Amino acid sequence: MKPGAIIPANAASLRSLTVTMAVMSYLACLAIGALILVDRAVTSWTSGLAREMTVQVRVVRGADIGQEVEKARNILSSFPGITEADVLDEQEGSKLLEPWLGTRSLEGLPVPRLIRVVTDPSNPPDVVGLEEALATVKGVRLDTHRKWEAELTRMARALSVLSYAILFLISISAIAIVIFATRAVLQANRHIVDLLHLVGARDSYIARQIDGRFLRTGMLSGFIGVGLGIFTFLFLSLFGGGSGGGFADASRGLLFSAPHIAIWSYGFLFAVPLAATLICLITARVTLIRRLGVVT
Amino acid sequence: MLRLENVGLRYGDGPEILKDVSFALRPGDFYFLTGPSGAGKSSLLKLLFLALRPTRGDLHIFGEDVGSLSHNKLPYIRRRIGVVFQEFRLLDHLSTYDNVALPLRVAGKSESSYRRDVMDLLDWVGLAQKSASLPPVLSGGEKQRAAIARAVIAKPQLLLADEPTGNVDPVLAKRLLHLFIELNRLGTTMLIATHDKGLVRQADRPILHLEEGTLSLQ
């Protein structure tokens with residue numbers, strides 16, 4: 001004969017808690033997705049920027065810009081750590097200025113010439129030495145993109161902090177909700193809890209009769225949340241529109257990248273049900289033990 | 001086993017329900033607790049099964065000072081006390097069998113270890129056929145018997161009963177009295193609060209009389 005459940009299953013429904021925790025888990029999935037994408041995008045941008053530099057040669061009175069560009073190219077080509085030095089011709093230079101000056105002819109204007117420099121990532125050039133070597137070229141300026149890299153890093157850090165803050169707030173809210181739900185269950189079953197105390201039940205025994213239900217609620221809501229999260233990313237990757245970046249590409253990157261990368265995405269996403277379960281179980285257990293100690 | 005010295009009890013800022021109550025129960029004692037309604041019998045029993053703590057005076061149970069007893073020790077003291085509540089306090093969602101087995105279950109015993117004892121006791125109180133029934137379908141007398149069975153199943157050292165024969169017919173009341181006398185003979189200390197003068201007369205045991213919160217031995 002299997003003994004009946006001491007706390008009846010229908011005594012206090014945890015359906016509202018399941019729905020709320022599923023929403024919290026879903027939001028946590030979105031925040032984790034954003035965190036992963038920002039991290040990956042910044043890594044990709046900064047590694048691209050770190051591999052390239054630009055040398056700008058401005059028109060200087062009394063100097064032949066063609067000769068100066070050639071001099072700079074020769075220095076760059078022979079400098080250790082530089083694998084490529086491509087001089088952009090005047091047409092390419094004009095194209096870069098189109099957003100500001102339009103398509104009209106730039107003939108007669110002192111448009112600077114640009115040299116795109118590709119560096120060896122395993123053996124990067126000595127930037128200070130390169131600047132010194134280029135000092136002989138009139139009107140030269142070396143742009144290492146460090147400023148842009150710093151800006152991107154700052155932006156990424158801000159987005160990461162924001163995502164972590166959102167995750168923190170979601171966790172705090174979830175804990176508060178579980179505390180309220182635990183108190184509600186205790187209140188609804190007060191007559192049972194009082195009787196259990198009077199027949200000699202320890203607080204931990206009573207807590208065990210209740211917290212198993214919170215464990216199941218946490219697990220179920222966590223999996224609902226992560227399921228909805230993955231469905232959202234899948235939906236965006238299929239119907240997010242545009243191939244030029246945006247949500248669609250980001251979601252595709254999250255779900256369908258190479259296995260060794262995707263495993264991390266799925267690992268972080270599936271940490272959500274685990275966290276939801278632990279939050280439900282630990283919060284309910286601590287609340288129960290504290291409350292049961294009061295309602296002697 | 002149980003000692004009260006000048007115990008007083010009041011609820012909040014209200015009047016004192018129990019005033020300077022002093023008495024002691026030794027192992028094997030059998031007392032009745034009588035008194036008019038509202039005299040404080042149920043409050044005194046609540047003190048003794050540790051649902052309340054005295055507002056003044058000393059209460060010692062099994063050698064422990066209840067005033068300084070830690071929360072963690074309460075379950076172990078309560079397991080040595082059987083209680084028959086006036087309002088039964090059966091759990092409506094559990095079968096009669098599970099209700100009776102509850103003290104053993106919360107003490108961590110396995111179902112296989114107590115199944116036979118519970119069924120024997122249910123048989124003895126005439127509820128064997130109702131072991132699977134839920135309390136809402138039991139009569140008042142059946143609930144009373146189930147509540148008594150739950151109180152004695154763990155063979156407590158002290159049995160406190162609040163009107164244990166209030167809902168049963170005279171024949172069953174007599175059977176229950178014999179159960180109490182048998183338990184007492186086997187060493188259980190008894191304190192039974194009752195209005196049933198016939199029961200008190202039949203048992204011929206000493207009476208503690210409570211009137212307006214003051215206790216006297218009769």
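Where in chain B does B:Arg89 lie? B:Arg89 sits in the loop between strand 6 and helix 3 of chain B. The model is predicted: local features need pLDDT of at least 70, side-chain atom pairs count only at pLDDT 80 or more, and totals for chains, interfaces and linings use all residues. Residues are numbered from 1 along each chain as its sequence is written, while chains are lettered from A and ligands numbered from 1 in the order in which they are written.

**Chain A overall**

- Chain A has ten helices and four strands, where helices (H or I, at least four residues) and strands (E, at least two) are DSSP runs numbered from the N terminus.
- The order of elements from the N terminus is α-β-α-β-α-β-α-β-α-α-α-α-α-α.
- Chain A is more spread out than a compact globule, because its radius of gyration is 31 Å, well over the 19 Å that the globule rule gives for 296 residues. The radius is taken over C-alpha atoms, and the rule is 2.2 Å times the number of residues to the power 0.38.
- The C-alpha trace of chain A spans about 105 × 40 × 30 Å along its principal axes.
- Of the 296 residues of chain A, 28% are buried. A residue is buried if 20 or more other C-beta atoms lie within 10 Å of its own, exposed if 12 or fewer, and partly exposed in between, with C-beta atoms placed from the backbone.
- For contacts in chain A between residues at least 6 apart in sequence, 83% join residues at least 24 apart. Two residues are in contact if their C-beta atoms, placed from the backbone, lie within 7 Å.

**Nonpolar cores**

- The largest nonpolar core holds 109 residues, and A:Leu196, B:Val100, B:Ala149, B:Ile153 and B:Leu160 touch the most other members. Helix 1 (residues 15-50) of chain A gives the largest share of this core, twelve residues.
- A core here is a set of buried Ala, Val, Leu, Ile, Met, Phe, Trp, Tyr and Cys residues joined through C-beta atoms within 7 Å.
- Apart from neighbours within four places in sequence, A:Leu196 contacts A:Ile6, A:Ala201, A:Ile206 and B:Val106.
- A second, separate core of ten residues includes A:Met53, A:Val57, A:Ile115 and A:Val140.

**Helices of chain B**

- In helix 1 (residues 41-48) of chain B, seven of the eight residues are buried, among them B:Leu44, B:Leu45 and B:Leu47.
- Helix 5 (residues 140-152) of chain B is largely enclosed by the rest of the structure, because eleven of its 13 residues are buried.
- The cover over the buried residues of helix 5 includes strand 6 (81-84), helix 3 (96-106), helix 4 (111-124), strand 7 (158-162) and helix 6 (170-185) of chain B.

**Positive phi in chain B**

- B:Arg89 has a positive phi near 55° and is partly exposed, with 19 other C-beta atoms within 10 Å.
- B:Lys155 lies in the loop between helix 5 and strand 7 of chain B; its phi is positive, about 50°.

**Where the chains touch**

- 22 residues of chain B are in contact with 15 residues of chain A.
- On the side of chain B that touches chain A, helix 3 of chain B gives the largest share, six residues.
- That side of chain B has twelve nonpolar, three polar and seven charged residues. Ala, Val, Leu, Ile, Met, Phe, Trp, Tyr, Cys and Pro count as nonpolar, Asp, Glu, Lys and Arg as charged, and the others, Gly among them, as polar.
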